[in-house]
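Hello,

Here is the structure I promised to pass on. My notes on its aromatic rings follow below.

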Amino acid sequence: MKALYIFIIMSCFFIKNHAQNNFLKLIASQTAPLIVDGELAEQEWLDAQEILIKGITDREVTVLLKYDTDNLYIAFRNLTDSQNINLNAEVLINTSIEEPVWNDHCYWFHASYGNCSAIGQYYYWDNCTTEPTGWIANTFPFKNGNNNMEFKISFSKLNITPAQVKQLKIAFKLSDPLEQQVYWPEVANIANPDTWGTITFN
């Protein structure tokens with residue numbers, strides 16, 4: 001009986017902890033302006049939230065997340081594995097948490113050898129460029145010995161402001177050349193915005 005009681009308590013703790021890991025609270029950044037170059041200067045990311053994605057390679061990938069009045073910033077650290085294979089990074093955003101399906105409130109951002117994006121759909125490879133409108137990310141090949149990727153997504157691109165929309169659904173996706181995939185949250189799926197995590201702007 002005692003063993004069963006302990007098991008129930010631990011199970012409840014795991015479920016609660018897993019749920020909390022799907023939610024992030026962000027405080028408006030007061031640090032130095034961010035330069036999108038993949039170098040992850042320490043003073044740029046001092047007040048960022050941090051999560052880990054693991055399972056696709058022998059190395060963990062750290063994701064950093066912060067915002068200011070004008071932009072949402074996301075960084076992926078350690079995108080090259082021990083075999084020197086680079087991972088592609090994607091950001092998925094739904095600005096209307098009451099509508100958990102792909103529609104005009106859903107955005108797909110991809111960075112690898114170019115910057116690709118779409119509204120209301122994903123894997124839209126006809127809209128790829130080195131100079132996208134309303135957002136930017138550094139691309140392959142990595143420079144200056146780093147293996148990081150930084151995204152800068154303007155709130156005007158998302159048609160919102162943090163004061164207007166207090167919460168977003170968001171997910172981060174990594175993939176390799178063999179199309180192996182891993183997400184944050186772990187249960188996320190690109191096709192189902194209802195499985196994505198939630199961020200709150202404070």
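A residue counts as buried when its relative accessible area is under 20%, and as exposed when that area is over 50%, with partly exposed in between. Please keep in mind that this is a predicted model.

With that cut-off, Trp108 is buried, because its relative accessibility is 0%. Trp125 stands at 45% and therefore counts as partly exposed. The rings of these two residues, Trp108 and Trp125, pair up: their centres are 5.1 Å apart and their planes meet at 85°, so the pair is edge-to-face. Trp108 belongs to strand S6 (residues 106-111), while Trp125 lies in the loop between strand S7 (115-119) and strand S8 (128-129), 17 residues apart.

That is one side of the story; here is the wider count. The structure holds 17 aromatic pairs. Phe76 and Phe172 make up another edge-to-face pair, with 5.9 Å from centre to centre and 85° between the planes. This pair links distant parts of the chain, as Phe76 is in strand S4 (residues 71-77) and Phe172 is in strand S11 (residues 167-175), 96 residues apart. Phe76 counts as buried because its relative accessibility is 0%, and Phe172 is likewise buried at 0%.

Phe76 and Phe172 also belong to one aromatic cluster, together with Tyr107, Phe109, Trp135, Phe151 and Trp184.

Finally, a look at Lys66. Its charged end sits over the ring of Trp45, 5.5 Å from the ring centre. The charged end of Lys66 also sits over the ring of Tyr73, at 5.6 Å from that centre.

Best wishes

How values were computed. Residues numbered from 1 in each chain as written. Predicted model: local features only at pLDDT ≥ 70, side-chain atom pairs only at ≥ 80, totals over all residues. Heavy atoms only, no water. Phe/Tyr/Trp six-rings, centres within 6.5 Å; stacked < 30°, edge-to-face > 60°. Helix = DSSP H or I, 4+ residues; strand = E, 2+ residues; numbered from the N terminus. Buried < 20%, exposed > 50% of the residue type's maximum accessible area, 1.4 Å probe, protein only. Lys NZ or Arg CZ within 6 Å of the ring centre and 35° of its normal.
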